[in-house]
Amino acid sequence: MSLSTFFTSQIDRFTTRWPLLLYATAWTSLLTVIVAVASFSPEMAFVSAISPSSSFSRGCQKQGTFRVPLELPGEIVCLPTHLFVRSKIDLIVPPIFAAVVVAGSAWVVRSMGLLEDHDPR
């Protein structure tokens, strides 16, 4: 097999699978967006709840503390602000979590057979 024949066969194989690749790309993009929204929305809710403009942060009278939101509205828990600082692991955990969820979702899609090509050749 010559080199030009090899490249031609590879290009033909790629172009015949173009709809399947487009379908896989669309699913992967959709799953990635869903995971991003699902992983960052609780973090954004927490950050907005403990921000200085939030009513939760105004419940404590002691300087250097803020109120942590709880499920029961009548309870107030005031914690020192030095307990809530960004660490280096905060930058690592969300992307790893997102990658695991996307990979798991892709395995579910693959196990359901959504990406199988049923066209007889």
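In which helix is Ala24 found? Keep that in mind as we start the tour.

Before clicking, note that this is a predicted model, where local features need pLDDT of at least 70, side-chain atom pairs count only at pLDDT 80 or more, and totals for chains, interfaces and linings use all residues. Residues are numbered from 1 along each chain as its sequence is written, and side-chain values use heavy atoms, leaving out hydrogens and water.

**Stop 1: the whole chain.** Show the protein chain as a cartoon and look for three helices and two strands. Here helices (H or I, at least four residues) and strands (E, at least two) are DSSP runs, numbered from the N terminus. Of the 121 residues, 14% are buried (under 20% relative accessible area with a 1.4 Å probe, protein chains only; exposed is over 50%, and partly exposed lies in between).

**Stop 2: two helices.** Now select H2 (residues 18–49) and H3 (residues 89–111). Their axes, which are lines fitted to C-alpha atoms over the stretch in contact, are 9 Å apart and meet at an angle of about 140°.

**Stop 3: where they touch.** Display the side chains of H2 that meet H3, including Leu31, Val35 and Phe40. On the H3 side, pick out their partners, among them Phe97, Val101 and Val109. Contact means heavy atoms within 4.5 Å.

**Stop 4: back to Ala24.** Select Ala24, which is found in helix H2. Ala24 counts as partly exposed because its relative accessibility is 23%. Finally, select Ala106 too: the C-alpha atoms of Ala24 and Ala106 are separated by 9.3 Å, although the two are 82 residues apart along the chain.

Definitions and conventions: Axes fitted to C-alpha atoms, helices over the stretch in contact; angles between N-to-C directions.
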